[in-house]
Amino acid sequence: MAQPQSLRTTPRKLAELGPWTKLRAEPALEPELPIIDPHHHVWHDERGRYLIDELAEDVATGHNFVATVFVQTGQNMYRAGGPEEMKPVGEVEYVNGIAAMSASGRFGKARLCAGIVGFADLRLGDKVKPVLEALIAAGNGRLRGIRYNMTWDVGHAKFAPHQVRHLALDAAVRKGFAHLNPLGLCFDAWLFHPQLPELADLLRAYPETPVILNHVGGPLGIEPYAGKRAEVFAIWSGNIRELAKFPNVTCKVGGLGMPRCGWDFHLRETPPASEELAAAWRPYIETCIEAFGSKRCMMESNFPVDKNTCGYAVLWNALKRITQGCSMEEKAALYRDTAARVYRLAI
């Protein structure tokens, strides 16, 4: 029986997901393989609490994590006062505090939030420069770039109410984007699969700016794409191969555990095993690695968002199952070296 769209698209609270994901426990595969998780969040809001204690607990689940990269997540840690455009600086200030706590070694050997990707409203155009400079200062040497949520869709995948269509094509956004590379900042691009040609247009205009494609380019599996997985895959994979032609683009390989991907694992009584996840995700992950090459791909967790599908250790087991046939050199790039190079982490 088809599930109501409200259930299929609504992430569950972390208080519920914690006990649910623990129903599936697996020992870590290839436990010695060094990993940098280049994409996770922290928050403490209506979704629940995921701060340094919860992140450190996940990282200590048997895999060999050496560092992580925080990626902007929303307004829950923004400054409460001051100019509107400067409020996102509060998020970087807060996360830099987490990184400093982790650097003490009291939360495990992994360097949590060793790199920080913040947010600045690129629609400010040239006026975004002082915001970017404030973010850099707040990062205390850890800020590596910004992410700008460009996701838009006609269906149920909307991030309402702030979605705006064609942001990658917007003239003001491009003026703001132009300030990133001169300041030594990269750009994390988050779009859905129908929007990927718009990103290609942006890349043609700014071929020197390092761009990291988030979540394998956002393939959707909910309405109006439900039941059309083969059709979506054909469109998505074609766009992925086009983006791979741009040498300044790197691909984050993961994010497939979001409810918007349409597998409905989050609706089950117990989480799926890593074997089932690997079978579902393999075509997307193998396509990205084939298109970009291992030296331009980095495996990611997208936690705690992808906790809607499975626990942290199970997610990394699924990724490792898919890359089982890769050489040791390829695995080193996929799990550590690409992220270390792109985010300039001295690991």
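Student: Are Phe119 and Tyr148 buried or exposed?

Tutor: In this predicted model, where local features need pLDDT of at least 70, side-chain atom pairs count only at pLDDT 80 or more, and totals for chains, interfaces and linings use all residues, both Phe119 and Tyr148 are buried, a word that stands for under 20% relative accessible area, with exposed for over 50% and partly exposed for in between (1.4 Å probe, protein chains only). Residues are numbered from 1 along each chain as its sequence is written, and side-chain values use heavy atoms, with hydrogens and water left out.

Student: How is a pair of aromatic rings described?

Tutor: A pair of aromatic rings is described by the distance of the centres and the angle of the planes. Rings of Phe, Tyr and Trp (its six-membered ring) pair if their centres lie within 6.5 Å, and planes under 30 degrees apart count as stacked, over 60 as edge-to-face and the rest as tilted. The count by this rule is 13 aromatic pairs. One of them is the stacked pair of Phe119 and Tyr148, at 5.7 Å centre to centre and with 10 degrees between the planes.

Student: Why is the pair of Trp236 and Tyr284 tilted?

Tutor: The planes of Trp236 and Tyr284 stand at 55 degrees, with the ring centres 5.1 Å apart, so the pair is tilted. Trp236 counts as buried at 0% relative accessibility, and Tyr284 is buried with a relative accessible area of 4%.

Student: Which residues do ring pairs link into a cluster?

Tutor: The cluster linked by ring pairs consists of Phe65, Phe303, Tyr312, Trp316 and Tyr335.
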